[in-house]
Amino acid sequence: MNETSTMRFILIGLSHYPYLQPLFFTIFFLIYLMAFAGNVLIAIIISADPRLHTPMYFFLINLSILDICCTTAAIPKMLETLVIKQTSISYSGCISQLYIFTAALSTELILLTVMAYDRYVAICYPLRYKTIMSRTACVCLAGAAWILGSVNSMTHTCLILKLSFREQNIIDHFFCEIPPVLKLANSDTYVNDVVIVASDVLLGMICFILTVISYTYIISTIMKIRSAEKKKKAFSTCASHLTVVTIFYGGVIYTYVRPAFSYPLEADKVVSALYAIASPVLNPIIYSLRNKEVINAINKIFIKRIPQLK
């Protein structure tokens, strides 16, 4: 316990480009504000407008909360590394950051699969949609996503806690994530690598296959719709989710599907930024703010109150 209490990790961040650090700080700070404000706004709008109290928007609130957790776990420390150039983080702080970030990623992976199922039921079984996606069913599905994501993260975290590290370790990354932390271990990480692969297969691949199956049925059903207008509307409700899934899966698969054998660290930083920073910023825009129902809710809640304030 005494060894871990004094242990610290040095975060290199983006120090390879010192002349660009002020620019990086400004960009990532603005991105963080946009991600935080956008997801908070979506949660407020959905909660305030009764017309948006549907399964799809209920899952969107959960997605917004996860995006806030994801960005808050990673970006503030990243901004600190840009100001100080090289900053340290305690062992407990690193483990906490790693747990929160991994839990958010795992839960979001499952939640996106649940959202694909929601779209499948809405398009393939519209008359039974309210019965199948009842309030109880939605709460259970969302709760299962949070629990499974937390258990997955706890498993990885507990295995990392069993590893031994030197008193000071240099992480060539801008926050504590499983792959770069495993590279610093003095002890054997074979079990960790096996569990990562098992997690990828049991969690990642199953979620991916279920999402593909859902969209196979969705596209098949949409293609049978005769009305061009209805077909376009059905495609538009799925296009946003598909875009979010593509961005998210692309980054996670690149980073976590490969066991910790060889890591091009600069490429890992870029990909980590993609799903830790870009995805939470784009999600409110892609999935919500492009939606007419959400835009109408914004007009009702905010714009119509402006004359009253005057």
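This is a predicted model: local features need pLDDT of at least 70, side-chain atom pairs count only at pLDDT 80 or more; totals for chains, interfaces and linings use all residues.

Leaving aside its neighbours within four places in sequence, which residues is Asn152 in contact with?

Author: Setting aside anything within four places in sequence, Asn152 is in contact with Thr102, Ser106, Ser199 and Leu203. Asn152 itself sits in helix α6, which covers residues 135-161. Its relative accessibility is 13%, and Asn152 counts as buried because that value is under the 20% cut-off.

Now over to another helix. Ala276 belongs to helix α10, residues 265-289, and it is buried, with a relative accessible area of 0%. Once neighbours within four places in sequence are left out, Ala276 is in contact with Cys70, Thr71 and Phe101.

Then the charged pairs. Side chains of opposite charge can pair when their charged atoms come close. In this model the count comes to three salt bridges, so let's take them one at a time.

Start with Asp49 and Arg51, whose closest N and O atoms are 3.0 Å apart. That pair qualifies because the cut-off for a salt bridge is 4 Å.

Next, Lys77 and Glu80 meet through their side chains in a salt bridge, at 3.2 Å from N to O. Both of them lie in helix α3, residues 55-84, and they are three residues apart, about one turn of the helix. Lys77 is buried, with 16% relative accessible area, while Glu80 is partly exposed at 30%. Glu80 falls in that middle class because its value is between the 20% and 50% limits.

That leaves Asp118 and Arg119, with side chains that meet in a salt bridge at 2.9 Å, N to O. Here both partners, Asp118 and Arg119, are buried.

If you want to click through these yourself, begin with Asn152 in helix α6, go on to Ala276 in helix α10, and end with the Asp118 and Arg119 salt bridge.

How values were computed
Residues are numbered from 1 along each chain as its sequence is written. Side-chain values use heavy atoms; hydrogens and water are left out. Helices (H or I, at least four residues) and strands (E, at least two) are DSSP runs, numbered from the N terminus. Buried means under 20% relative accessible area, exposed over 50%, partly exposed in between (1.4 Å probe, protein chains only). Contact means heavy atoms within 4.5 Å.
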